[in-house]
Amino acid sequence: MSGARPAQGVRPVLSGLGVAFTAYLAVGALLWTSPLAYPVVQVIAVAFYLVTTWVCIFWNARIESTPDLVRSQFGVRMLLPAWAVVLALAVAAIVPTANWVAAGPGAGENDYATWSLGAVGALMAIVMVRRRPWAAWAGVGLAAVAAMVWIGLPSALALGVVGAVLWVGGAQLLSWLVDRAARDTARLTELQRDASQWLASQEGMRRERRTQVQRALAVAGPVLAHTIAVGGHLDDTERQLARLAEGTLRDELRGAGLLDDDVRAALSAARGRGSVVSVLDEGGLDDLAPDDRAELRAELARLIEGARSQRLYIRASTHPDIAVTVVGRSASDDGEDTVDLWREFARPPRDGRTDATA
């Protein structure tokens with residue numbers, strides 16, 4: 001993934017800072033200025049804390065890929081596994097109490113006895129960053145309760161509980177800001193992509209309109225120039241050519257999606273036989289693959305070539321099943337119009353095959 005490349009440089013740095021800071025806190029626990037009542041308990045508590053903290057930093061048991069453009073710069077988002085959460089909560093519940101037991105009576109407010117408050121705060125900040133907010137706040141609460149039991153509320157607030165709350169709160173705020181920035185960036189990217197697609201479609205429509213205008217001028221230009229030159233006095237042949245030019249021009253403006261060279265030739269031949277032809281495209285072929293569109297136009301050209309109706313109506317709609325409908329009407333012996341041609345071209349299925357039903 002492209003987002004993982006910057007992470008190869010960022011994540012090791014952040015992990016290294018976390019290891020260095022927690023190791024610094026652990027060293028503070030081992031530098032006591034007076035004899036401890038139970039030094040072995042202190043060492044075990046520090047070791048338990050370090051192992052758990054580094055597990056929370058490095059363990060990649062569950063990895064979730066994310067398309068967020070901001071978070072992806074730091075690699076994939078990693079959710080801390082449940083067993084590691086339990087281990088972190090055990091540290092929050094056990095290590096502070098073990099720390100004060102090891103320090104002994106009268107030493108509860110010394111630096112080496114209160115290090116666990118800052119240490120638990122740092123661990124819970126890591127848990128927060130690893131997407132376990134409820135566990136992080138529960139860990140802070142456990143450490144705060146232990147501190148109040150051992151050294152009282154005022155000393156607990158002054159010697160580390162407030163700092164632990166600030167660290168975890170800052171980690172949650174940072175995570176929320178990163179998430180919001182990711183959502184906003186993704187939304188802006190989506191809007192930019194939509195705007196680019198809209199501009200591209202508008203440019204395509206402009207090119208198509210220019211092509212249609214050029215084709216229309218090529219068809220109608222000579223007829224109009226000749227009509228102007230003779231002052232509108234056209235003979236029967238010229239009038240017929242003018243009507244053919246008018247019909248062709250109307251086809252280009254109203255049914256361009258249905259037309260190719262074969263269909264245009266078939267329409268001109270039908271008008272030459274005296275048929276009145278109406279072509280209307282309502283976007284029925286826009287969603288078809290190029291091969292499907294070409295096959296349907298070829299079938300349509302063959303149908304028009306064989307049609308002998310006095311009036312032909314050709315319509316492409318957005319119907320979910322029918323792509324093109326062709327209706328032919330002619331006057332019967334009693335003077336009433338009858339439908340002598342009805343053809344529906346089914347919309348091609350997804351496998352690309354075209355089916356036409358009569």
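## Aromatic pairs, cores and a buried arginine

At 41% relative accessibility, Trp-150 counts as partly exposed. Trp-150 belongs to one of the aromatic pairs described below, in a model that is predicted.

**Overall make-up.** The chain holds nine helices and seven strands. Of its 358 residues, 39% count as buried. The accessible surface of the chain comes to about 19,900 Å², and carbon and sulfur atoms account for 62% of that area. Among contacts in the chain with a separation of 6 or more, 65% are between residues 24 or more positions apart.

**Aromatic pairs.** A pair of aromatic rings is described by the distance of the centres and the angle of the planes. Searching the whole structure gives two such pairs.

Trp-100 and Trp-150 make a stacked pair, 6.5 Å centre to centre with 15° between the planes. Here too distant parts of the chain are linked: Trp-100 is in helix H3 (residues 82-103) and Trp-150 in helix H5 (residues 133-151), 50 residues apart. Trp-100 counts as buried because its relative accessibility is 2%, and the cut-off for burial is under 20%.

| Residue | Relative accessibility | Class |
|---|---|---|
| Trp-100 | 2% | buried |

**Nonpolar cores.** The largest nonpolar core has 45 residues, and those touching the most other members are Tyr-49, Cys-56, Trp-100, Trp-115, Leu-123, Met-124 and Val-127. At least two residues of this core come from each of helix H1 (4-30), H2, H3, H4, H5 and helix H6 (153-229). H4 gives the most, with 13 residues. A second, separate core has 24 residues, including Ala-270, Val-279, Ile-304 and Leu-312. Returning to Tyr-49 and leaving out residues up to four places away in sequence, its contacts are Thr-22, Leu-25, Val-91, Trp-115, Ala-119, Val-120, Ala-122 and Leu-123.

**Strands E5 and E6.** Strand E5 (residues 322-331) and E6 run antiparallel and are joined by nine bridges. In one of these, Gly-328 has Leu-341 of E6 as its bridge partner. The hairpin of E5 and E6 has five residues between the strands, and in it Gly-335 takes a positive phi near 90°.

**Arg-347.** Arg-347 lies in the loop between strand E6 (337-346) and strand E7 (356-357). With a relative accessible area of 15%, Arg-347 is buried. Its side chain reaches the backbone oxygen of Ser-317 at 3.1 Å. A polar atom of the Arg-347 side chain also lies 2.9 Å from the backbone oxygen of His-319. Apart from neighbours within four places in sequence, Arg-347 is in contact with Gly-284, Asp-287, Leu-288, Ser-317, Thr-318, His-319, Pro-320, Asp-321, Ile-322 and Ala-323.

Methods
Residues are numbered from 1 along each chain as its sequence is written. This is a predicted model: local features need pLDDT of at least 70, side-chain atom pairs count only at pLDDT 80 or more; totals for chains, interfaces and linings use all residues. Side-chain values use heavy atoms; hydrogens and water are left out. Rings of Phe, Tyr and Trp (its six-membered ring) pair if their centres lie within 6.5 Å; planes under 30 degrees apart count as stacked, over 60 as edge-to-face and the rest as tilted. Helices (H or I, at least four residues) and strands (E, at least two) are DSSP runs, numbered from the N terminus. Buried means under 20% relative accessible area, exposed over 50%, partly exposed in between (1.4 Å probe, protein chains only). A polar contact is a pair of N or O atoms within 3.5 Å; within protein, one must be able to donate a hydrogen and the other to accept it, and residues adjacent in sequence count only if both atoms are side-chain atoms. Contact means heavy atoms within 4.5 Å. Two strands pair if DSSP finds at least two bridges between them. A nonpolar core is a set of buried Ala, Val, Leu, Ile, Met, Phe, Trp, Tyr and Cys residues joined through side-chain atoms within 4.5 Å. Accessible areas come from the Shrake-Rupley method with a 1.4 Å probe; for residues, only the protein chains shown count as cover.
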